[in-house]
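User: I'd like to learn how to read a helical model like this one. Could you walk me through it, starting with the annotated spans?

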Amino acid sequence: MSIDWAALGQVFGVTLAVTVGIVGLFTVGIVGTSRKPQPEGAAVAVAAPGAGARAGAVAAFALCAAAVAYGIFLIVAA
């Protein structure tokens with residue numbers, strides 16, 4: 001029995017890249033939906049994220065969901 005180290009290295013590299021990418025996308029989504037800090041002495045109203053930030057966050061969450069759905073498809077299809 002022998003181990004194909006090149007194939008194992010490829011699997012490790014792709015897994016690492018996809019994991020970091022999905023975590024990065026999810027982080028972008030969280031940051032896009034978070035509230036902006038207000039300067040001291042500002043009005044009581046809460047500063048909501050802008051429309052562009054919210055749209056980017058929704059797109060990031062949609063890409064995360066698509067990646068998870070594709071992974072589940074790959075597992076179930078086999």
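User: How far apart are the end C-alpha atoms of residues 7–31, and how much of the span is helix?

Analyst: Helices are DSSP runs of H or I with at least four residues, strands are E runs of at least two, and both are numbered from the N terminus. In this predicted model, residues 7–31 are 100% helix and 0% strand, with end C-alpha atoms 36 Å apart. The span 51–77 is likewise 100% helix and 0% strand, and its end C-alpha atoms are 38 Å apart. UniProt, in an unreviewed entry, gives both stretches the feature "transmembrane region"; such annotations may be inferred rather than shown by experiment, and their positions follow the numbering used here, with feature names shortened.

User: What should I keep in mind about numbering and confidence?

Analyst: Residues count from 1 along each chain as its sequence is written, and side-chain values use heavy atoms, leaving out hydrogens and water. Because this is a predicted model, local features need pLDDT of at least 70 and side-chain atom pairs pLDDT 80 or more, while totals for chains, interfaces and linings use all residues.

User: How many helices and strands does the chain have?

Analyst: The chain has two helices and zero strands.

User: How do I describe the way helices pack?

Analyst: Two packed helices are described by the angle between their axes and the distance between the axes. Axes are lines fitted to C-alpha atoms over the stretch in contact, and angles run from 0 to 180 degrees between N-to-C directions. Here, the axes of H1 (residues 5–33) and H2 (residues 51–77) come within 8 Å and cross at roughly 150°. H1 and H2 are therefore roughly antiparallel, a term for angles over 145 degrees. The contact (heavy atoms within 4.5 Å) includes Ile22, Leu25 and Phe26 of H1 and Ala53, Arg54 and Ala57 of H2. Its residues divide into 12 nonpolar, three polar and one charged.

User: Is Gly52 buried or exposed?

Analyst: Buried means under 20% relative accessible area, exposed over 50%, and partly exposed in between, using a 1.4 Å probe and protein chains only. Gly52, in helix H2, is exposed at 58%. Its C-alpha lies 8.6 Å from that of Gly32, 20 residues away in sequence. Ala55, also in H2, is partly exposed at 48%. Across the whole chain, buried residues make up 8% of the 78 residues.

Key: Angles under 35 degrees count as roughly parallel, over 145 as roughly antiparallel, 65 to 115 as roughly perpendicular and the rest as oblique. Ala, Val, Leu, Ile, Met, Phe, Trp, Tyr, Cys and Pro count as nonpolar, Asp, Glu, Lys and Arg as charged, and the others, Gly among them, as polar.
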